[in-house]
Amino acid sequence: MLRFYAFGRPGGPSTGSRTAVTLAVCAVCAACSGSRVGGPAAPGAVGDAGAMVGEGFGFDGGGDDATAAATPLGEEEPTVADKDEIDDGVETESDARGQILRHPLDNWTKEQIEAALAKDPESLGSMSIGYAHSGALVNGVQMPPGDAWELVNADRAWGTRETVDNLTHCLQRVALLYPGAAKMFIGHLSSRRGGHLSPHKSHQCGRDVDVSYYYLPGYEKWYAMAHAANLDRERTWAFVRTLVIDTDVELILMDRSVQRLVRQFALAKGEDREWVDLLFDGAAGVPPLIRHAKGHATHLHVRFYNPLAQETGRRAYEILIKRRVLQPPSYFVRYKVKPGDTLSELALKYHVPAKVIQQTNGMKTDVLKIDREYRIPQSGGVRMAPRVTVPSRRLPPEPAPPAVPNAAPSAIPNAERRGATPPAALGGG
Ligand SMILES: [Zn+2]
């Protein structure tokens with residue numbers, strides 16, 4: 001079964017409404033890898049691309065939010081990440097059971113996409129490019145303020161339209177179900193144009209989000225170590241449950257010690273054990289959705305699938321490279337030699353062996369000619385990711401069967417998915 005997503009302008013209203021369910025299932029499988037971004041940006045004019053992303057494409061780093069590490073009081077020792085990096089770079093394998101969703105650009109030619117990018121770049125909506133640990137964000141959307149949450153750093157709270165809508169939906173849902181909660185906090189999403197964001201390995205393409213746990217009143221604080229005495233298990237579980245049921249969540253990173261508390265709560269509340277096990281343990285051939293990673297006792301990390309923004313990014317990738325909005329995986333910078341420059345200085349400056357510069361420029365000696373432009377190879381831009389496949393949601397078992405046979409399906413979007421792949425099929429390997 002194939003779902004279809006509609007476009008939305010990055011600043012416009014939500015595109016969360018999913019419409020027609022049509023056509024057939026198709027799946028691709030691709031190994032996931034990528035390089036880390038970094039290195040000097042290509043000099044020269046940004047050209048037309050400037051219209052799209054302002055002053056050009058930036059791999060700007062973020063603030064360090066990974067410093068606090070209070071003494072844990074839980075029974076199980078939470079793991080604490082190194083102070084300068086959070087272990088959130090895990091990439092999930094492409095899921096062969098996933099679906100390729102219909103996309104607004106499916107029938108567009110490259111020329112049409114190029115024309116749209118030239119005329120009105122924002123008309124194509126958000127683009128998530130590359131990988132979570134090596135990627136970029138174009139036409140990002142800033143997470144809005146809300147009554148139920150507080151932004152820790154608005155400059156680092158940029159995501160795709162889908163990510164921001166999904167997150168907002170889940171936060172509002174918890175606030176609706178359990179009013180009067182202590183305020184919770186939104187940490188980093190991505191920087192405005194994606195790319196490396198310190199201290200994270202991921203958070204590069206607008207699909208990753210750090211949020212605080214829900215704490216009991218009086219304990220609410222960004223980056224507080226969650227434990228048995230301060231964790232609001234009910235709201236934290238409600239948040240996780242909503243993520244799983246109402247959004248295409250790719251993974252949730254949560255410290256083992258916190259997982260245990262939340263899981264116990266879910267079971268005590270009467271959730272289906274097999275379903276809860278599927279979320280926390282996975283099944284044969286199905287990895288857990290909720291995973292342990294170092295550094296996640298103080299916050300949880302959510303990564304969403306963005307079938308709309310990821311495919312738009314993939315379709316626009318080559319054009320964005322051409323327009324210098326994106327840096328390709330390998331590229332050349334041009335350097336005009338000034339009096340006093342030496343080859344070894346140039347090699348040091350651009351982190352390239354002198355020999356490589358010599359070979360690239362057909363140099364027989366190590367003498368540079370003043371005023372001549374030399375080409376210097378660089379690597380570290382963004383690689384294009386394959387088309388995303390979105391696995392069926394892991395939904396709790398159906399409630400009691402309908403009293404009326406062949407009753408009309410519910411209007412809840414998830415009803416479509418229940419029909420698409422029963423949760424039991426996920427365990428089939
Ligand atoms: Zn994170």
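Which residues does Ile129 touch, not counting residues up to four places away in sequence? In this predicted model, the contacts of Ile129 are Gly135, Ala136, Val138, Cys205, Gly313, Tyr317, Leu326 and Val382.

## Model and confidence

The average pLDDT of the protein is 78, and 72% of the residues score at least 70.

## Overall composition

The protein has 429 residues, of which 41% count as buried. Its secondary structure consists of eleven helices and 14 strands. Of the contacts between residues at least 6 apart in sequence, 78% join residues at least 24 apart.

## Nonpolar core

The largest nonpolar core holds 70 residues. Within this core, the residues that touch the most other members are Ile129, Val240, Leu243, Ile252, Val258 and Val302. Helix 4, residues 233-246, supplies the largest share of the core, with six residues.

Strand 12 covers residues 300-304, and five of its five residues are buried, so the strand is largely enclosed by the rest of the structure. In a regular strand, side chains alternate between the two faces of the sheet. In strand 12, Leu300, Val302 and Phe304 point one way, while His301 and Arg303 point the other way; all are buried.

Helix 3 runs over residues 161-177, which makes 17 residues. From its first C-alpha to its last, helix 3 reaches 24 Å, close to the 24 Å expected at 1.5 Å a residue. Its buried residues are Arg161, Glu162, Thr163, Val164, Asp165, Asn166, Leu167, Cys170, Leu171 and Val174.

Helix 6 spans residues 273-281, and its residues Val276, Leu278, Leu279 and Phe280 are buried. Gly282 follows helix 6 and has a positive phi, near 75°.

## Two loop positions

Gly98 lies in the loop between helix 1 (49-53) and helix 2 (110-119). Gly98 counts as buried because it has 20 C-beta neighbours inside 10 Å, and the cut-off for that class is 20 or more. The C-alpha atoms of Gly98 and Arg393 are separated by 9.7 Å, although the two residues are 295 apart along the chain.

Ala228 sits in the loop between strand 9 and helix 4. With 16 C-beta neighbours inside 10 Å, Ala228 counts as partly exposed. Its C-alpha is separated by 7.0 Å from that of Leu261, a residue 33 places away along the chain.

Terms used. Residues are numbered from 1 along each chain as its sequence is written. This is a predicted model: local features need pLDDT of at least 70, side-chain atom pairs count only at pLDDT 80 or more; totals for chains, interfaces and linings use all residues. A nonpolar core is a set of buried Ala, Val, Leu, Ile, Met, Phe, Trp, Tyr and Cys residues joined through C-beta atoms within 7 Å. A residue is buried if 20 or more other C-beta atoms lie within 10 Å of its own, exposed if 12 or fewer, and partly exposed in between; C-beta atoms are placed from the backbone. Helices (H or I, at least four residues) and strands (E, at least two) are DSSP runs, numbered from the N terminus. Two residues are in contact if their C-beta atoms, placed from the backbone, lie within 7 Å. The expected span of a helix is 1.5 Å times one less than its number of residues. pLDDT is the predictor's confidence in each residue, from 0 to 100.
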